[in-house]
Amino acid sequence: MKNDEKIDIHLQEEEIDNLSEEEVAKQHYNTALRYIEIAEHMKQFEDQDKYYHRAIRYLKLAKPYKYDRALIIQMRKNKFAARSQGKITLYKEACQIRDKARTPNDYYSAQAIFERIHKYEVKHPIPENRVTPEVYEQVCQCSDSEQQAILCGQLAAEKQKELKRRSLLTSLLFLAAVGVFLYFTRTTAFRQCLASVYAHTGDYSGAWQSYYTVYEQTKEPAALENYKLYRYKDAVKASKTQNTEVVRSSFRALAELGYKDSEERLVKMEKQRVSEIAPGETIQFGQVNWRVMEHQSGKTLLLKDKAFGSTPFNTTDENCTWETSSLRKQLNSDFMDETFFDLEKEAILTTTVKAEDNSRYGTDAGADTSDQVFIMSASEVQKYYDVIPKTKSCWWLRTPGAHKNSMCFSYQDKTIMDYGYDVSNSKISVKPAIWVNTK
């Protein structure tokens, strides 16, 4: 039951109009006994005090039925004993809360108890002659309840200020610690430590990325070797269940560094991916993206997805064919070397490239060639029209134009200009094609 929960039991007596004086007195006596019983069951000393007081009043009204002087004296003793003992007990409790207080709320709890004691003793004082000297001495020691309540309020306010100062200091220290930590996380030592943790916990992705950061900052050979080691482990682990661009990118980066069998693994994954992708979709093979044209038995035709450069078909404005053009030499030498690893070059088939005369003007296309890299003819553009993407520029075809020093080209919308353009024109771009062995 809470301290501030008020209890007030009023006993109802029978109508006394038809009762004799003795019967009324008897009724009062019985009421007094009931109040005594209630008082003895109360836990709060204020309630005990109140019901003993009522019992005494009804005992005095019990004449002429019974005047129990001894019981009245005992109830007075009980009344003041409850009042004094309750005050002493509460005072000790408040003092303990005050002395052990750690928060403002603790002091406020003690303050509330001291105020409760003071308010009660103002209305219900304890006369010296109603209790023993020992008890009265203890009661007197509790007479500063009002001052103690004020003190607890002051201590609560001081504690509140102290906690605010402490909270501010804690916040400042926390921010300082965060600042130091953030600074440390940018240091090479932290990256080195983090990389080691990643490596020992099997997080190879985190390990190689951290070692790469260390290498960028320090250029230490050991950091580079660890970067290659854990990127390789990460890629091998992922390749067992995946054939994604992320995995292929790792093997490609390691192949550029000549690390272990990265190039072999890369080409194997690239060939597998090339064989799986549908015509019209794009894939990276080597250093560029390609568009799949068609699949045949064990091989796939790829066309560079985006045209590159503005490149003349031939460096001079002389009569030429695909066979004698500078573009053919460039694609099968410099372009090959810049775009592919050695094992990727081995995967590109050497193909018989048919020389197609101009169907309208009859211009001779020259002889067939054997090439790894070539450009499309006018008829091939028509054949793969649905899967060839539109471009932002015109691009050369290997079919001759109306004259021996001109070549056909495709407009951006894949319309073929069969009259052609001078072979030395440098405003037309190039879209190479290759056949990849996917066996």
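1. L175 is found in helix α6, which covers residues 145-185; helices here are DSSP runs of H or I of at least four residues, strands are E runs of at least two, and both are numbered from the N terminus. At 55% relative accessibility, L175 counts as exposed. The classes are buried for under 20% relative accessible area, exposed for over 50%, and partly exposed in between, with a 1.4 Å probe and protein chains only. Together with L168, L172 and F174, L175 makes a nonpolar surface patch of about 450 Å². A patch is built from residues with over 30% relative accessible area and no salt bridge, with nonpolar side chains (Val, Leu, Ile, Met, Phe, Trp, Tyr) joined within 5 Å and like charges within 9 Å. Accessible areas come from the Shrake-Rupley method with a 1.4 Å probe, and for residues only the protein chains shown count as cover.

2. Basis of the model. The structure is a predicted model, in which local features need pLDDT of at least 70 and side-chain atom pairs count only at pLDDT 80 or more, while totals for chains, interfaces and linings use all residues. Residues are numbered from 1 along each chain as its sequence is written, and side-chain values use heavy atoms, with hydrogens and water left out.

3. K159 forms a salt bridge with E162, and the closest N and O atoms are 3.5 Å apart. The term denotes a side-chain nitrogen of Lys or Arg within 4 Å of a carboxyl oxygen of Asp or Glu. Both residues lie in helix α6, three residues apart, or about one turn of the helix. K159 is buried at 14% relative accessibility, whereas E162 is partly exposed at 25%.

4. Helix α9 comprises residues 221-239 and holds both K228 and E225, three residues apart, about one turn of the helix. These two residues form a salt bridge whose closest N and O atoms are 2.9 Å apart. K228 is buried, with a relative accessible area of 10%, while E225 is partly exposed at 41%. A222 also lies in helix α9 and is partly exposed, at 48% relative accessibility. The C-alpha atoms of A222 and T31 are separated by 99 Å, the two residues being 191 residues apart along the chain.

5. Salt bridges elsewhere. D368 forms a salt bridge with K354, the closest N and O atoms being 3.8 Å apart. Both partners lie in the loop between β4 (351-353) and β5 (369-371), so the pair ties together parts that are 14 residues apart in sequence. D368 is partly exposed, with a relative accessible area of 41%. Salt bridges that share partners also join E245, R248, R252 and E270 into one network. A search of the whole structure finds 19 salt bridges.

6. Helix α2. The 16 residues of helix α2 (residues 45-60) should span 22 Å at 1.5 Å a residue, and the end C-alpha atoms are 23 Å apart, which agrees. The expected span is 1.5 Å times one less than the number of residues. Helix α2 is mostly covered, with 12 of its 16 residues buried; among them are F45, Y51, Y52, R54 and L59. The cover over the buried residues includes α1 (21-41), α3 (69-99) and α4 (104-123).

7. Y120 in α4. Y120 is found in helix α4 and is buried, with a relative accessible area of 15%. Leaving aside neighbours within four places in sequence, Y120 is in contact with F45, E46, D49 and R83, where contact means heavy atoms within 4.5 Å. F45, E46 and D49 are buried residues of α2. The C-alpha atoms of Y120 and K439, 319 residues apart along the chain, are separated by 101 Å.

8. Strands β1 (residues 282-285) and β2 (residues 288-296) pair in the antiparallel sense over four bridges; two strands pair if DSSP finds at least two bridges between them. F285 stands opposite V288 in β2. Two residues lie between the strands of this hairpin, and G286 in the turn has a positive phi of about 75 degrees. Strands β8 (residues 406-410) and β9 (residues 416-422) also pair in the antiparallel sense over four bridges, with S410 opposite I416 in β9. This hairpin has five residues between the strands, and K414 takes a positive phi near 75 degrees.
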